[in-house]
Amino acid sequence: MQRQMFTIQERREQPDSEPDHEAAEDGAPPALAVRELTVRYGDFTAVNDVEFTVGRGEIYGLLGRNGAGKTSTIAAVTGLLRPAAGRIDVLGRPVEPGRHSAARLGGALALQPQKTSLFPRLQVDETLHMWASLYPDPRPVPELIEELGLADKARTRAAKLSGGQQQRLLLATALVGNTPLVVLDEPTTGLDPHARRDAWAVINRARAGGTTFLLSTHAMEEAEEMCDRLAILHNGRLRTSGTPAQIVRSLTHGSTVTVRSAQEDLLAAAREEFGADAVTAQTRGTTRPGTGGGVPRFSVATEQPERAVAWFEERAPAADVRIHRPTLEDAFLAATGTGATGPDEGSEQ
Amino acid sequence: MSTVPTSRSRPDTTARTPVPASPALPAAAPPPGQFKALAKGMTKELVRDPMALFFSVVFPVLLAGLFVAIMQLTWAGGPYKIAVVGSGTQAAQLRDALGDGSKVAAVDSPRDAREGVDAVIAPSADGDSLRVVTDPESPSVVSAVRDALPQTGWEGRNLDAVGTDGSPPFEPMPFVLPGVLVFALMSLALSATAGTLVSLRANGTLRLLRTTPARPQAILTSLLPARGALGLALLAVAGAIATVLGLLTPLSGLTMLLTTVLGMWLLMSVGFLLGGTLRSPELTNAISGLLTPLLLMGSGVLFPLELMPDGLADVLSWNPVALLGDALRHDVTGGVTRHAQWLDWLLIAATAALLTVVAVRAFRWDTEKKS
């Protein structure tokens with residue numbers, strides 16, 4: 001039921017969008033359609049009745065805490081495990097789990113898994129040439145090596161690469177097949193900021209060439225930067241999906257203005273101006289010596305933070321006033337953690 | 001963009017490169033050259049693995065050298081008195097040819113055959129084979145006779161040796177060569193195949209390969225060319241040594257090839273069974289380390305079954321590795337054998353086929369639980 005409620009929410013916010021799971025206007029099936037997917041390990045249900053659709057050329061992100069079901073979903077999508085229920089279609093062709101799954105799909109998808117080592121004694125270029133030969137229409141290997149910044153390591157054995165370089169080599173194996181769908185399981189884990197942005201650029205270039213991506217990540221910055229749409233999984237269920245902005249809007253209270261001021265009547269005035277429900281007095285840490293403690297602090301939830309800041313600057317010019325805009329991380333915490341509850345939480349129960 | 005509209009519903013206005021029409025779903029047929037590329041990669045992995053090469057090639061060769069050195073020190077004896085019996089011209093020619101060599105000396109009187117001689121040789125009527133009856137206390141006399149034959153022009157004859165008590169005499173080289181060859185093939189199967197497969201699975205490489213269009217059978221059989229070539233190279237070395245020592249005839253060279261191919265099938269199926277089911281490389285190393293000496297010692301391959309109690313030896317002689325050693329000793333002429341070679345081949349092939357079926361059914365591509 002949670003899935004359905006969120007789907008309704010998402011569609012309400014996208015009045016011009018067409019329902020999931022249906023072919024696009026040109027009649028072509030979506031890159032990936034996951035329907036009523038359930039994955040069980042014995043008595044434990046890792047993925048529970050999850051469904052989503054990824055359009056062609058889209059980058060679709062899966063977010064969730066550790067154990068939320070992201071990797072199990074990816075394993076089912078790539079045919080590596082047999083779901084207890086549900087159906088998965090890649091470009092309209094069903095994924096049939098089993099030994100010949102990927103072979104039957106004929107190179108429709110490629111995977112970059114987590115924590116996988118390649119052949120340790122093969123050089124970077126040898127590894128990619130071997131991988132390329134497995135696909136019907138591979139990308140030129142030297143070009144990919146150059147793009148991923150591995151040119152000076154092309155003749156280095158995989159075992160001699162650093163962790164970040166091995167991660168880039170794994171990403172290269174996922175891209176070298178030039179497959180219509182690429183599944184990336186935490187693709188930039190372990191990469192330094194420069195390498196991460198290089199990887200994003202490579203992924204974006206591949207997407208510009210028509211490749212569709214399904215990626216899981218713990219990095220909110222990556223999800224916001226890269227993904228057209230996201231789904232947040234929690235305890236195996238799909239809690240919400242939509243564009244990053246839609247998810248932030250639906251799961252957070254809007255912006256908060258934090259005020260620190262010794263002016264005694266400011267809190268009362270703020271409650272009168274913005275409403276008592278919108279103003280929350282904060283006492284935590286205010287009395288610790290040497291930390292600016294002792295100065296009263298409160299926050300104001302508002303949809304118009306700039307107006308609130310102007311109001312405070314006029315009433316209390318000496319006050320320390322800061323705007324906190326809700327982020328995807330706030331939305332993620334609201335959806336998956338024990339923190340603040342978003343406005344939709346009530347409606348989905 | 002021409003596809004699912006949800007991808008265009010993103011509200012932000014960040015400029016993105018227009019996405020062209022997606023490529024069509026590729027054909028399901030795998031690209032040609034897939035197996036060749038995988039086999040090439042697996043070969044490079046093997047030849048760049050110093051541990052696998054050491055245990056498959058270097059160590060068995062060192063072991064063979066050690067055995068030969070020990071034999072030279074402990075088994076070399078002589079000169080031996082050899083009686084050549086038979087009334088035909090063949091016997092007379094052989095007696096004359098053996099003459100008075102450094103290691104063997106033919107004596108004239110056949111009556112001495114029972115007493116005071118180390119061996120009695122009886123050429124067959126057609127001259128194609130020599131039956132040698134030896135004193136069990138002087139087992140190396142057979143080797144000495146074999147060494148002497150090239151000087152007589154009788155090389156290449158089958159040497160059918162038997163002890164005076166009816167038991168086949170123990171000959172060091174025909175025993176050592178098959179043993180070392182089996183040891184090398186076993187290392188190739190356990191260390192270089194089972195160990196490799198388990199590492200590939202534990203590292204997730206097999207799992208990743210399964211998501212490629214590569215056929216599963218292509219992935220697994222791609223390990224075989226390099227290992228097969230290495231096995232045949234080991235056979236060539238063993239065969240060359242056996243030929244130089246006069247243990248191998250052209251015909252027995254061919255039967256040795258057949259025996260080795262069957263032996264590789266048998267041992268590789270064990271390697272694939274272990275590699276397809278064990279979880280960790282550490283466990284595989286431990287089991288291989290235990291299994292190798294157990295199989296080698298408990299099958300008469302490196303430790304003669306003749307030195308074990310008869311009942312135990314009889315039972316152990318039927319295990320598949322013992323059958324392989326037995327068949328190889330048939331090939332290196334004059335070795336101690338317990339079973340007919342055709343029976344060895346039949347049982348080796350049957351066991352290999354059974355193990356192959358079990359290995360295929362039990363093979364696991366990854367270590368994770370299934371839904």
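**Figure 1. The open four-stranded sheet of chain A in the predicted model.** Four strands of chain A make up this open sheet, in the order 12-13-11-14, and their pairing is antiparallel. The edges are taken by strand 12 (279-282) and strand 14 (320-324) of chain A. Each of these two has a single partner strand, so one side of each has no neighbour in the sheet. On average, and with direction ignored, neighbouring strands of this sheet are turned by 20 degrees against each other.

**Figure 2. Strand 11 and strand 13 of chain A, with helix 10 of chain A on the sheet.** Strand 11 (residues 255-260) and strand 13 (residues 297-302) of chain A run antiparallel and are joined by six bridges. One residue to look for is Val257(A), whose bridge partner in strand 13 of chain A is Val300(A). Helix 10 (residues 266-274) of chain A packs on this sheet and touches strand 11, strand 12 and strand 13 of chain A. The direction of helix 10 makes about 160 degrees with that of strand 12 of chain A.

**Figure 3. The open six-stranded sheet of chain A.** The strand order here is 6-7-8-3-9-10, and the pairing is mixed. Strand 6 (109-112) and strand 10 (237-242) of chain A stand at the edges. With a single partner strand for each, one side of strand 6 and one side of strand 10 are therefore left without a neighbour in the sheet. From one strand to the next, the twist averages 15 degrees.

**Figure 4. Strand 3 and strand 9 of chain A, with helix 9 of chain A on the sheet.** Five bridges pair strand 3 (residues 59-64) with strand 9 (residues 229-234) of chain A in the parallel sense. Leu63(A) has Ile232(A) as its bridge partner in strand 9 of chain A. Helix 9 (residues 244-251) of chain A packs on the sheet, where it touches strand 9 and strand 10 of chain A. Between the directions of helix 9 and strand 10 of chain A the angle is about 115 degrees.

**Figure 5. The packing of helix 12 and helix 13 of chain B.** Two packed helices are described by the angle between their axes and the distance between the axes. For helix 12 (residues 320-331) and helix 13 (residues 341-362) of chain B, the angle is about 140 degrees and the axes are 9 Å apart. Their crossing is left-handed. Helix 12 of chain B contributes residues including Leu323(B), Leu324(B), Ala327(B) and His330(B) to the contact, and helix 13 of chain B contributes residues including Trp345(B), Leu347(B), Ile348(B) and Thr351(B). The residues of this contact divide into seven nonpolar, three polar and three charged.

**Figure 6. The largest cavity and its lining.** The model holds four cavities of 30 Å³ or more, and the largest has a volume of about 100 Å³. Its lining consists of 13 residues. Nearest the centre of this cavity lie Leu305(B), Glu306(B), Asp326(B), Arg329(B) and Arg338(B). Helix 12 of chain B supplies the largest share of the lining, three residues. By kind, the lining residues are five nonpolar, four polar and four charged.

Notes
Residues are numbered from 1 along each chain as its sequence is written. Chains are lettered from A and ligands numbered from 1 in the order in which they are written. This is a predicted model: local features need pLDDT of at least 70, side-chain atom pairs count only at pLDDT 80 or more; totals for chains, interfaces and linings use all residues. Side-chain values use heavy atoms; hydrogens and water are left out. Axes are lines fitted to C-alpha atoms, for helices over the stretch in contact, and angles run from 0 to 180 degrees between N-to-C directions. A crossing is left-handed if the near helix is turned anticlockwise from the far one by less than a right angle, and right-handed if clockwise. Contact means heavy atoms within 4.5 Å. Ala, Val, Leu, Ile, Met, Phe, Trp, Tyr, Cys and Pro count as nonpolar, Asp, Glu, Lys and Arg as charged, and the others, Gly among them, as polar. Two strands pair if DSSP finds at least two bridges between them. On a 1 Å grid over the protein atoms alone, a cavity is a set of points where a 1.4 Å probe fits but cannot get out, and a pocket is an open set with protein on both sides within 12 Å along at least five of seven lines; lining residues have an atom within 4 Å of a point. Grid points are joined across faces, edges and corners, and a volume is the space filled by probe spheres set on the points.
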